Amino acid sequence: MPGNINENIKRIRELKEYTQEYMALMLNITQTSYNRIEKGKSPLTCDKLEEIVSIFEMDLISIIKFESSLYKSDFIKPKVSLEQCDLSKIETLYRDKIALLEKLLAITDRELIKYKDKYKCI
């Protein structure tokens, strides 16, 4: 019996051996946002659903009625290489990651200064 659409999307993604990171990149969202879609914790908009249909190269009805036991061999595809991805999306995600790491480093530096002043060591 088919599951709900979110569960079906997860099963299809796994059968196609796509990572959540890849799906997020293709949908231009964060991996966390994509994870929330799969878990049903974020609404799945029509636009995002259309994009997922396109990424999976399937029609919407097949995704809705998907039963992994019936289709497993039909969905296994070779892994997607980075060359097939939109490099501008990868660059944007990379820059976002660097910005977050720089913020974390700044917080760590402030904490070290605070403890140095407090304990007069380090």
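**Figure 1. Overall view of the predicted model.** The protein exposes about 8800 Å², of which carbon and sulfur atoms supply 57%. This view comes from a predicted model. Its secondary structure comprises 7 helices and 0 strands, and the order along the sequence reads α-α-α-α-α-α-α. Of the 122 residues, 25% count as buried. Among the contacts with a separation of 6 or more, 68% are between residues 24 or more positions apart.

**Figure 2. Close-up of helix 2 and its surroundings.** The buried residues are Gln-20, Tyr-22, Met-23, Ala-24, Leu-25 and Leu-27. They pack against helix 1 (5–15), helix 3 (31–38), helix 4 (46–56) and helix 7 (87–119). Asn-28 follows helix 2 and has a positive phi, near 60°.

**Figure 3. The largest nonpolar core.** This core contains 19 residues, and the members that touch the most others are Ile-9, Met-23, Tyr-34, Ile-55, Phe-56 and Ile-63. At least two residues of the core are supplied by each of helix 1, helix 2, helix 3 and helix 4. Helix 4 provides the largest share, with 5 residues. In soluble globular proteins, nonpolar side chains tend to be buried together.

**Figure 4. Phe-56 and its contacts.** Which residues are in contact with Phe-56, once its neighbours within four places in sequence are left aside? They are Ile-9, Ile-12, Arg-13, Lys-16, Tyr-18, Met-23 and Ile-63. Of these contacts, Ile-9, Met-23 and Ile-63 are also listed, together with Phe-56 itself, among the core residues that touch the most other members.

**Figure 5. Asn-6 in helix 1.** When residues up to four places away in sequence are not counted, Asn-6 touches Ile-37, Glu-38 and Gly-40.

Figure 6. Ile-64 belongs to helix 5, which covers residues 60–64. The relative accessibility of Ile-64 is 40%; because this value lies between 20% and 50%, the residue counts as partly exposed.

Terms used. Residues numbered from 1 in each chain as written. Predicted model: local features only at pLDDT ≥ 70, side-chain atom pairs only at ≥ 80, totals over all residues. Heavy atoms only, no water. Buried < 20%, exposed > 50% of the residue type's maximum accessible area, 1.4 Å probe, protein only. Helix = DSSP H or I, 4+ residues; strand = E, 2+ residues; numbered from the N terminus. Contact = heavy atoms within 4.5 Å. Core = buried A, V, L, I, M, F, W, Y, C linked by side-chain atoms within 4.5 Å. Areas by Shrake-Rupley, 256 points an atom, 1.4 Å probe, with all protein chains shown as cover.
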